[in-house]
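Biologist: Please put the model up. Then let us go through it by question and answer.

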Amino acid sequence: MRKVIVDTDTGVDDALALMLLAADPEVEILAVLSVFGNCRGDQAADNARYVLDTCGRQDVPVYRGCDAPLRQELRLSSGVHGDDGFGNTGLRPEVSVPAEPHAVPVLLDLVDRHEGEIDYIAIGPQTNLATALQSDPALLERLKSVTIVGTLGPAMYHDTEPWADRRFRVSRDPNVSFDIDAAQAVASRSGDVTWCGPYVTRQALVPEDFFLEIAASTGHAPARLLAEINRDYAGFYTRSYPQADGSRVMGINDSLAVASLLRPDLVTAAVMRPLQTFEDPATGDRFLAGVHPVRGETRPLHRVVVDMDFDGVLELIGDTLRRPLPWG
Ligand SMILES: [Ca+2]
């Protein structure tokens, strides 16, 4: 049984990613930790609670984590996921997640109890992980693995300056840009760390009908929840990525990272890279990117996913959502 901790700013694509983990009989979710990002941190915690309750997984505990970045000003993705992270549907769990105990001490305690056994998956800003690293600088090495949604690039060639390579600026990277100091703190530590960023995740746009059809044909509660919270989110993606046939599409970003953990065979290309921050000369925005190792490289090398079997991921999602409850 795989032991997993999920760190999420629970918006729409996080909900689907959580479902993949909640449905897998080989996964024991030790804890879900909330973080600000797609919505406020307290909303992210309650949204995670709502998703797990909908999946019949009242057994999985949710803890409230960091509500703000380490140093920079708080920003949220409410334009994409709605003010509540759930497309302004106003769905709330029966019981809200309490403010205490805080997610970071819970994380440190779980690592003490399950040294080297935990797969950590961060699908929001990396603030909880960076805060825990302040108490335990070796934390990443004490986890079995860390999978993170974030970072641009990676650099494929020696002769390309980061900013000259379109892979570095193909997309926004909200999880990193919302707390660049946290991203940098995590990137500077050794461990079995995999980054699955927008360069990969934005290639996977799924027709909204895929989810609506499963919800209608199965009537299963998790699929119906997705169909409900997807509406505004699919609207955002369809405006951003207009389709020739006018069909509505949506991103499944966080699910790709979860799929890369649960099904490593679906990762078709990845490279080992040091990560560094750099600045957009036009806007001053800071980014994290996998760059080419230099001779005598001393920075830790992390794995950066380059490509995935998107059809395989979609099959995994379809199989999951069609599986009747109970899950787990
Ligand atoms: Ca997320």
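Modeller: Helices (H or I, at least four residues) and strands (E, at least two) are DSSP runs, numbered from the N terminus. This is a predicted model: local features need pLDDT of at least 70, side-chain atom pairs count only at pLDDT 80 or more, and totals for chains, interfaces and linings use all residues. Residues are numbered from 1 along each chain as its sequence is written.

Biologist: Where does Leu91 lie, and is Leu91 buried, exposed or partly exposed?

Modeller: Leu91 sits in the loop between helix 3 (78-81) and helix 4 (103-113). A residue is buried if 20 or more other C-beta atoms, placed from the backbone, lie within 10 Å of its own, exposed if 12 or fewer, and partly exposed in between. Leu91 has 17 other C-beta atoms within 10 Å, so Leu91 is partly exposed.

Biologist: Which residues does Leu91 contact, leaving aside its neighbours within four places in sequence?

Modeller: Two residues are in contact if their C-beta atoms, placed from the backbone, lie within 7 Å. Tyr50 is 41 residues from Leu91 in sequence, with 7.8 Å between the C-alpha atoms. With those sequence neighbours set aside, the contacts of Leu91 are Tyr50 and Phe86.

Biologist: What radius of gyration does the protein chain have?

Modeller: The radius is taken over C-alpha atoms, and the globule rule is 2.2 Å times the number of residues to the power 0.38. For 328 residues, a compact globule would be near 20 Å. The chain agrees with that, at 18 Å.

Biologist: What share of the 328 residues is buried?

Modeller: The chain holds 13 helices and twelve strands. Its buried residues come to 52%.

Biologist: How do helix 1 and helix 13 pack: what is the angle?

Modeller: Axes are lines fitted to C-alpha atoms, for helices over the stretch in contact, and angles run from 0 to 180 degrees between N-to-C directions. The axes of helix 1 (residues 12-23) and helix 13 (residues 310-322) are 10 Å apart, at an angle of about 65°. Since 65 to 115 degrees counts as roughly perpendicular (under 35 is roughly parallel, over 145 roughly antiparallel, the rest oblique), helix 1 is roughly perpendicular to helix 13.

Biologist: How many charged residues are in the contact of helix 1 with helix 13?

Modeller: Leu16, Met19, Leu20 and Ala23 in helix 1 meet Leu316, Ile317 and Thr320 in helix 13. By class, six are nonpolar, one is polar and none is charged. Here Ala, Val, Leu, Ile, Met, Phe, Trp, Tyr, Cys and Pro count as nonpolar, Asp, Glu, Lys and Arg as charged, and the others, Gly among them, as polar.

Biologist: Which residues of helix 13 does helix 12 meet?

Modeller: The axes of helix 12 (residues 253-262) and helix 13 come within 10 Å and cross at roughly 95°. Helix 12 is therefore roughly perpendicular to helix 13. Ser255, Leu256 and Ala259 of helix 12 meet Val313, Leu316 and Ile317.

Biologist: Thr151 has a positive phi without being a glycine. Is Thr151 buried or exposed?

Modeller: Phi of Thr151 is about 80°. Thr151 lies in the loop between strand 5 (145-148) and helix 7 (174-177). With 28 other C-beta atoms within 10 Å, Thr151 is buried.
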